[in-house]
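I opened my notebook next to the model and wrote down what I looked up, entry by entry. Have the structure open and follow along.

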Amino acid sequence: MSQGAPRVLISASVLNADFSRLDRVVHKLERAGVDRLHLDVMDGHFVDNLSFGPDIVAAFRRLTELPLDVHLMISEPARHVDRFIAAQPQTITFHVEAPQTEVQKDQAIAAIHAAGVGAGLAISPGTPVQAVADRVDRLDVIMVMTVVPGWGGQGFMPDMAPKIAEARRLLSAAGRGGLVHVDGGINHRTAEIVGRQGIDVCIVGSALFQRGRDASEEVDLVRESAQRGRLAVETDTPSAQGAGARRSSRRASASA
Ligand code: DX5
Ligand code: ZN
């Protein structure tokens, strides 16, 4: 990694974990060296799948001191956000595509911030990054989805990767220290691709819960691959265009 470039963070998605022993899951992830936990909330409406709600987020809060990132894949974030705030996560991210009014979306972000929690917007594969541009001065997270939201264990969509660099540029220009998270299909093979786009936080789910594979090894490999990708762009060739500017603004911003 080049001097001054921030470390790529690893956020573990627990969707594919064994929910009968959450304490074991959390301790395994802590031992594996993850930086944060990513908690996927699904309502069976915004996405087909159902997962869990605020009580489980609160249970994770009691089990660990790791920062918690709540990813709301629900149709009415403004209606439910207070219950997730009460569980004291580090960030709450909801989808810009949620079928709520613009006023409701603004209210949800304001409520999150009023509680001292970071606010984020997630972008599904069919949505351009520009959809979050008018709120970027209020965002602590832009989450770029590299799978269709709803299920763990899907394949990474490489066509989505350039959105990461676009989101990174928006956040750097806004100057409030927001981070770009990438969600879906990240493992030690795909991490270099997102590293080349300047990713800050790699969300890793199923790759950490494969039988016979060591989670700490995967955490290290994902981080190393992402950082190798970032370094390659920073020191490289024609594709380094703009990387210097990104690097200097990121140095000032990415510290969460
Ligand atoms: C998908 C979820 C993801 C997912 C990540 O809708 O938002 O967080 O669980 O899992 P993998 O890494 O298996 O794609
Ligand atoms: Zn997620």
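This is a predicted model: local features need pLDDT of at least 70, side-chain atom pairs count only at pLDDT 80 or more; totals for chains, interfaces and linings use all residues.

**Entry: Thr 190**

I started with Thr 190, which sits in the loop between strand 7 (179–183) and helix 6 (191–195). What lies 2.9 Å from a polar atom of the side chain of Thr 190? I found the backbone oxygen of Gly 185 there. Setting aside residues up to four places away in sequence, I noted that Thr 190 touches Phe 156 and Gly 185. Is Thr 190 buried or exposed? I put Thr 190 down as buried, because its relative accessible area is 12% and buried means under 20%.

**Entry: Asn 49**

Next I looked up Asn 49, in the loop between strand 2 and helix 2 (54–63). A polar atom of the Asn 49 side chain lies 3.0 Å from the backbone oxygen of Gly 150. Not counting residues up to four places away in sequence, I listed Met 42, Asp 43, Gly 44, Gly 150 and Trp 151 as residues that Asn 49 touches. The relative accessibility of Asn 49 is 16%, so I marked this residue as buried.

**Entry: ligand 1**

Gly 150 and Gly 185 came up again when I turned to ligand 1. I read that 19 residues surround this ligand, and that the closest are Gly 150, Gly 153, Asp 183, Gly 185 and Ser 206. Then I checked some distances to oxygen atoms of ligand 1:

- For Ser 206, a polar side-chain atom lies 2.5 Å from an oxygen atom of ligand 1.
- For Gly 153, a backbone N or O atom lies 2.7 Å from an oxygen atom of ligand 1.
- For His 71, a polar side-chain atom lies 3.3 Å from an oxygen atom of ligand 1.

**Entry: the zinc ion**

Which residues are its protein donors? I wrote down His 38 (NE2), Asp 40 (OD), His 71 (ND1) and Asp 183 (OD), lying 2.0 to 2.3 Å from the zinc ion. In sequence, I found these donor residues spaced H-x1-D-x30-H-x111-D. I placed His 38 in strand 2 (residues 36–42) and His 71 in strand 3 (residues 68–73), so the pair ties together parts that are 33 residues apart in sequence.

In soluble globular proteins, nonpolar side chains tend to be buried together. With that in mind, I looked at the largest nonpolar core, which has 62 residues; Leu 37 and Cys 202 touch the most other members. Helix 1 (residues 22–32) gives the largest share of this core, five residues.

For Leu 37, not counting residues up to four places away in sequence, I noted several contacts, among them Val 26, Leu 29, Phe 60, Leu 66 and Pro 67.

I followed one of these, Pro 67, to the loop between helix 2 and strand 3. Pro 67 and Leu 37 are 30 residues apart in sequence, yet I read 6.4 Å from C-alpha to C-alpha. Pro 67 counts as partly exposed, because its relative accessibility is 21%.

**Entry: Val 222**

Leaving aside neighbours within four places in sequence, I found Val 222 in contact with Ile 10, Ile 186, Asn 187, His 188, Ala 191, Cys 202 and Val 204. I logged Val 222 as buried, because its relative accessible area is 0%.

**Entry: Gln 88**

Last, I checked Gln 88, in the loop between helix 3 (77–85) and strand 4 (91–95). Gln 88 is not a glycine, but I read a positive phi of about 55 degrees for it. Is Gln 88 buried or exposed? I marked Gln 88 as exposed, because its relative accessibility is 55% and exposed means over 50%.

Note on methods
Residues are numbered from 1 along each chain as its sequence is written. Chains are lettered from A and ligands numbered from 1 in the order in which they are written. Side-chain values use heavy atoms; hydrogens and water are left out. Buried means under 20% relative accessible area, exposed over 50%, partly exposed in between (1.4 Å probe, protein chains only). Contact means heavy atoms within 4.5 Å. Donors are N, O and S atoms within 2.8 Å of the metal (3.2 Å for Na, K and Ca); water is not among the atoms, so sites may look incomplete. Helices (H or I, at least four residues) and strands (E, at least two) are DSSP runs, numbered from the N terminus. A nonpolar core is a set of buried Ala, Val, Leu, Ile, Met, Phe, Trp, Tyr and Cys residues joined through side-chain atoms within 4.5 Å. A residue is near a molecule or strand if one of its heavy atoms lies within 4 Å of it. A polar contact is a pair of N or O atoms within 3.5 Å; within protein, one must be able to donate a hydrogen and the other to accept it, and residues adjacent in sequence count only if both atoms are side-chain atoms.
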